[in-house]
Structure formats: C-alpha cells, structure tokens
Amino acid sequence: MSKPVANRIKAGARKSEFFKNYVCLPPAQLYHWIEMRTKMRIMGFRGSTIKPLNEEAAAELGAELLGEAIIFFVGGGCMVLEYSRQAANARRKEEELNATINSLQTQVAELALTTETLDAQLREVNRQLVSFPVSSKK
C-alpha cells in the first residue's frame, strides 16, 4: 500500500517546483555530500571538495529518498501498532489469569472456612456422644 503512495508523491515532487526545491533538493544534496565524503575518506582522499549534484539528479535522488522514507515510516508505524496490539492482548490475558487466580483463592478460603466449621461441628457431636451415659442392660 505504501509503495504506490510513495510513487505518487515522488511524481508530484518531480512536478512541483516548491516541493522539489524545498523538500527534495536539500536532503538529496546532504545525502550526496555524506556519501561522497565517506567514500573519499575510505579511499584515502582527505581534503577533496565535493561538488553538488545537478538539479535534475538531486531532484530524482530526493524523490527516491522521500519515497523510501515514506515506506520506512509506514512499515515502522505498522510494527508499532502491531506491537501495541500484542501488548494489549497479553495484558488482557494476564488480567484474566489474575482474576481466575483470585477467584480460585477466594473459593479455597471459603472451602477452608467451611471445613473448619464442619470440623468444629463434628467435635461438638463427638463430645455430646461421649457425654451420654452408657446404659448397661442385664
């Protein structure tokens, strides 16, 4: 989806003088300067001056850089959205798990209380059974 949009913007950038002069040319000239300076240093030429690109080549390079930047930002945006979606899903699952654990802990506590109550009642019944007089029939 981003490639056709980028191509359309590149075509518009080539046609519009304002867009070409103020949006495409400066980044293209900067990119060319950095690229050539790096290449010159790698080859061992230190004091060489770097000539700027002609206007047509700079406009083409600037339009390409703009198109690639759009594709990069759309892809990066998709990655950020997907990450946030996955994080929200993980957070929701963790909250559901915590709710289940809390529910189970509550049920265990209730069952422990019920068990203690039944144990106390059983002790009381046993105490009453022991206290009944045993009748001996002869």
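**Reading rings, helices and burial**

Visitor: How many aromatic pairs does this structure have?

Guide: The count comes to two aromatic pairs, where rings of Phe, Tyr and Trp (its six-membered ring) pair if their centres lie within 6.5 Å. In one of them, F18 and Y22 have ring centres 5.0 Å apart and planes at 45°, so this pair is tilted; planes under 30 degrees apart count as stacked, over 60 as edge-to-face and the rest as tilted. This is a predicted model, in which local features need pLDDT of at least 70 and side-chain atom pairs pLDDT 80 or more, while totals for chains, interfaces and linings use all residues. Residues are numbered from 1 along each chain as its sequence is written, and side-chain values use heavy atoms, without hydrogens and water.

Visitor: Where do F18 and Y22 lie, and are they buried or exposed?

Guide: Both belong to helix α2 (residues 17-43), and being four residues apart there, F18 and Y22 are separated by about one helical turn. A helix here is a DSSP run of H or I with at least four residues, a strand an E run of at least two, numbered from the N terminus. F18 is exposed at 57% relative accessibility, and Y22 is exposed at 59%. Buried means under 20% relative accessible area, exposed over 50%, partly exposed in between (1.4 Å probe, protein chains only).

Visitor: What describes the pair of F72 and F73?

Guide: A pair of aromatic rings is described by the distance of the centres and the angle of the planes. For F72 and F73 the centres are 5.6 Å apart and the planes 70° apart, which is edge-to-face. Both of these residues are exposed.

Visitor: At what angle do α2 and α3 pack?

Guide: Helix α3 covers residues 55-131, and α2 packs against it at about 85°, with the axes 7 Å apart. Axes are lines fitted to C-alpha atoms over the stretch in contact, with angles from 0 to 180 degrees between N-to-C directions. The two helices are therefore roughly perpendicular, the word for 65 to 115 degrees (under 35 is roughly parallel, over 145 roughly antiparallel, the rest oblique).

Visitor: Which residues of α2 and α3 meet?

Guide: Contact means heavy atoms within 4.5 Å. From α2 the list includes F19, K20, L25 and Y31, and from α3 it includes E55, A59, L61 and L65. The residues of this contact divide into 12 nonpolar, three polar and three charged. Ala, Val, Leu, Ile, Met, Phe, Trp, Tyr, Cys and Pro count as nonpolar, Asp, Glu, Lys and Arg as charged, and the others, Gly among them, as polar.

Visitor: Is K20 buried or exposed, and what does K20 contact?

Guide: K20, in helix α2, is buried at 12% relative accessible area. Neighbours within four places in sequence aside, K20 contacts A13, R14, L25, E55 and A59.

Visitor: Where does H32 lie, and what does H32 contact?

Guide: H32 is in helix α2 and is buried, with a relative accessible area of 12%. With neighbours within four places set aside, H32 touches I50, K51, P52 and L53.

Visitor: Where does UniProt place the coiled-coil region?

Guide: The unreviewed UniProt entry puts this feature at residues 80-114; positions follow the numbering used here, feature names are shortened, and annotations may be inferred rather than shown by experiment. In the model, residues 80-114 are 100% helix and 0% strand, with the end C-alpha atoms 51 Å apart.
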